[in-house]
Structure formats: C-alpha cells, structure tokens
Amino acid sequence: MSLLRFCRDGGYTVEPSGWLPDDSYAYRWSDRTPRPGCSRLGCPRCGADVVAWNGFDRIPGESVEAAALYEAGREAAQRDGKVAPRTSSRLYLCRCTVHSESLYTAMADPEAHSSRALPWRCQGHPVPELPWHLDGEVIDTATLPALVRRAVHGVAPAQTPPWPADQNLPGTWLAQLYAIVPAGAPRFALAAAVNAALTEEGHCARAVALDFYISHPRAPGAETLAGLLQSQPTLFRGVFPRSDAKEDLEQRAHCVLVERLRFVGDDGSTIDPVALEVARQNLLTPGRSDMSLLFPLGRWDMPWVEAHAVEVLATHPELIGALILILKPLGAERISSALTRGMQDTRLDPERILSAVRKKLFEPERSGVLNRLEAARRPA
Ligand SMILES: [Zn+2]
Ligand SMILES: [Zn+2]
C-alpha cells in the first residue's frame, strides 16, 4: 500500500473524551465531526512512534525522563509511581517528549509558541482495500449504493460509530466513509447515492444528504443543490428534519452553498455561479433572510452588493450591520454611495442606518460616512 493520507494540521492529540481511532484508516480530513486524533503520530526528532496512554497523567513533582518512561511501558511506569490514572488526561509520549492532553492540540499550529510546540507529525494513514468492514457494515463499491440508501433512512450503520455522540448521524458517518474509501469508483458510487437522496420523498433522507454535503461541499453531485433550491424549493423550505430542529432544510442547504462558495476555479471565479444566484434571490425576497449568504456575495459579487444595498435593506432591514461590515473594505466614499439612496428611501429608517455606521465603522471612515449620509438625509 503506497498511498497514504495525512491528517490536516499535522495531526492532533486529543483528550480522553475525544476520539482516538483504533484502526489506522481514520484520519483528520476536516474540522467537522468526528474530529479524530491522529493514531499515527511519529517523532522526527527521536524516530519513535508516539504512544498514547488513555486516562493517565504524570505525577506532579515527579521528574520524568521520556526515554525511560517510553521504554518501561504504561504498567511499569504506573507501578514505579511515574504516572497515575487521571480521567481527564491522555498521556502521549515518544523517547524525547511527554505531553499530557486534556483538550486537543494541533501539531502544526502556527499560533503555538515555539517553546510549547510538539515535535510530532502524522506519518500518514493507509487507504483500505475493499471489501472492507466498518461499524458492522461491509464496504464494497458494488454494495455502496444500497448501504447509502439504508444509511439515509437511518438503518445503517449496523453498529454505533466509535466517536462521541453526533446529532447529525448518519450524514456524518457517510461523510467519514467518503473520506476513507479509495478515490475513484467507490467515492463516485457513494456520492451518486447521496445525490439521489436529495430529491427523495422522505425529508430525513434529504437532511442526511445535506449533512453529508456540509462536510464534502465539493463531492460529485453537490453542484446540483443550488439548482434544486430554485426549481423545487418545497423540498427544503419549511421542512424540518426533526420536530425540535431550529433550522429548516433550506437553511441547511444554504450552509452547503456558503461552503461551496469558498472555492474558486482556475479563472478565479466561484465554482458555483448558481449558488451566487440563489444568494442574491434570497436577499431580495421578503420573508426569512439568511445572513450567511450575504458574506459570500461580498467576496465574489461586490458590485452586486453595492448596487443592491438599498434593495437588500428594504427587504431585510435587520441586515444593516452585516451589510456595513461587508462594505467596510471599500472605504468611506463607496460605502456612502451605496447607502445614500437609503437615506431618502421611505421604506428605510435613516436612524437605523446611522446607528449601524456608528457601531460598525471606526475613524476616520465613521465620520466620513456619517457626514455624507447626514447630508443626504431626506427632509423631515
Ligand atoms: Zn494522522
Ligand atoms: Zn521524540
């Protein structure tokens, strides 16, 4: 097996309640659940594979020599009074370094002070050969579509995954599976079955598909979502995945679009122009606005935001603060130009605009914009 996959950020050490996989296939491919710690950490300094003693910590005041501890092993170290059980700590060690983890640490963390940086790095995780077994299911290209269908209807996986409880199961489970199976035919088979679930009768299946796409916004088929929101909005709008859910499927779909809008093609423009179109429509349609859609427009479609600032505010006055933040990089003159018409528009409250400018902008832009807008205010 030559191909390896590496944890992002060089791998993570995780506390005992975090997930440290038993098998070597699971790796940190995303910041989203299930966020595994790296089970394949190695030390470039001493050459050792890093080991983890779950629920153990050093004994305060005891001097500990890493090499001796590493060679002794956990049971001898405990017998000799060098380490003791502590439920909130996972003790990681190689021959040169000891680290007790009670939260999580990224190995390649640019924020970390060099004196506290750990020398370890993910050594890469193998890609499983199919057929393969995961959580009580047989994973194979030919049977993946049926497995995905069972998963989106909540009857797979057969066993509960080993990571901490996640309310977005089984969408997260499918996302994890997609990350681990070999690229090519297995991933395509999985993604195609997820895509079919987007238009299924059962709203639970659609919710699962959206959860999957939030983790893999560029998976094959994700490009159909924006078009579906336009052509078949009732699949998503006002459809709640659970009775206690605060977000309907349309809002969840918007989360996917926001993720997709982070990516650009070779020509520097967004990979999903239809998603931009959906964002524009949402901001000009009375009813519920989705603030998260405004930010990608500010990044990819600023001329539209400038030109439509007043229309957006007339439709969704509550977006004034977010709108000013998005216009902020343009400078006082262009911010003022975008908002001037709003000071005369009877649908808008000029005081609300001025108040938001005072809150969101700093000097010298603040005074510049306030003076221009005051001058443009409609006569009382
Ligand atoms: Zn790793
Ligand atoms: Zn070392």
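The following passage describes the overall make-up of the chain and the packing of helix α10 against two other helices. The model is predicted; local features need pLDDT of at least 70 and side-chain atom pairs count only at pLDDT 80 or more, whereas totals for chains, interfaces and linings use all residues. Residues are numbered from 1 along each chain as its sequence is written, and chains are lettered from A and ligands numbered from 1 in the order in which they are written.

The chain holds 15 helices and 11 strands (DSSP runs of H or I with at least four residues, and of E with at least two, numbered from the N terminus). Its C-alpha trace spans about 85 × 55 × 40 Å along the principal axes. Of the 380 residues, 36% are buried (20 or more other C-beta atoms within 10 Å of the residue's own, with C-beta atoms placed from the backbone).

The axes of α9 (residues 273–283) and α10 (residues 291–300) come within 9 Å and cross at roughly 120° (lines fitted to C-alpha atoms over the stretch in contact, with angles from 0 to 180 degrees between N-to-C directions). The contact (C-beta atoms, placed from the backbone, within 7 Å) involves Leu276, Ala279, Arg280, Asn282 and Leu283 of α9 and Leu293, Leu294, Pro296, Leu297 and Trp300 of α10.

Helix α8 (residues 249–260) packs against α10 at about 15°, with the axes 9 Å apart, so α8 and α10 are roughly parallel. Here His254, Cys255 and Val258 of α8 meet Ser292, Leu293 and Pro296 of α10.

Methods:
Buried ≥ 20, exposed ≤ 12 C-beta atoms within 10 Å, placed from the backbone. Contact = placed C-beta atoms within 7 Å. Parallel < 35°, antiparallel > 145°, perpendicular 65-115°, else oblique.
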